[in-house]
Amino acid sequence: MAWRSNLSRNLKELRILFSPSSPESAATRAFIEKNYRDLKTQNPKLPILIREASSIEPQLWARYDLGVERGIRLEGLTEEQISKALEDLGKVGASPKS
């Protein structure tokens, strides 16, 4: 999982939105509980914003240079699929002129 330590090189900000109680956000909540500490330890200067809101669809947003943003809906994804989605967003930031 070496890609995790490269997130701060490729992203300017990471936002995770989810509902604190809806079943659709269960995998997102579990992902945050299991992975936040590791992500923040490997990327101490990367802003990782965790936003809870009632009745919101779980989403993952990445902000890159020049204000470019990309988002992924997380509803129906497993923790492993969420991790893969985050890895893919990090790779987009590594490519020139994403």
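## The cavity

The structure holds one cavity of 30 Å³ or more. The model is a predicted one. The space in this largest cavity comes to about 30 Å³. Rolling a probe the size of a water molecule over the atoms is a way to show where empty space is left.

## What lines the cavity

The lining of the largest cavity is made by Ile16, Phe31, Ile32, Asn35, Tyr36, Leu39, Ile48 and Ile50. Two elements, α2 (26-42) and β2 (48-52), each give two or more residues to this lining. The largest share, five residues, comes from α2.

Sorted by class, seven of the lining residues are nonpolar and one is polar, while none is charged.

## The sheet

Four strands form an open sheet in the order β2-β1-β3-β4, and their pairing is mixed. At the edges stand β2 and β4 (69-73), each of which pairs on one side only. From one strand to the next, the twist averages 15 degrees.

Strands β1 (residues 13-18) and β3 (residues 59-63) run antiparallel and are joined by five bridges. Which residue of β3 is the bridge partner of Ile16? The partner is Leu60. Ile16 is also one of the residues that line the largest cavity.

## A helix on the sheet

Helix α3 (residues 79-94) packs on the sheet, where it touches β1, β3 and β4. The direction of α3 makes about 15 degrees with that of β3.

Note on methods: Residues are numbered from 1 along each chain as its sequence is written. This is a predicted model: local features need pLDDT of at least 70, side-chain atom pairs count only at pLDDT 80 or more; totals for chains, interfaces and linings use all residues. Side-chain values use heavy atoms; hydrogens and water are left out. On a 1 Å grid over the protein atoms alone, a cavity is a set of points where a 1.4 Å probe fits but cannot get out, and a pocket is an open set with protein on both sides within 12 Å along at least five of seven lines; lining residues have an atom within 4 Å of a point. Grid points are joined across faces, edges and corners, and a volume is the space filled by probe spheres set on the points. Ala, Val, Leu, Ile, Met, Phe, Trp, Tyr, Cys and Pro count as nonpolar, Asp, Glu, Lys and Arg as charged, and the others, Gly among them, as polar. Two strands pair if DSSP finds at least two bridges between them. Axes are lines fitted to C-alpha atoms, for helices over the stretch in contact, and angles run from 0 to 180 degrees between N-to-C directions. Contact means heavy atoms within 4.5 Å.
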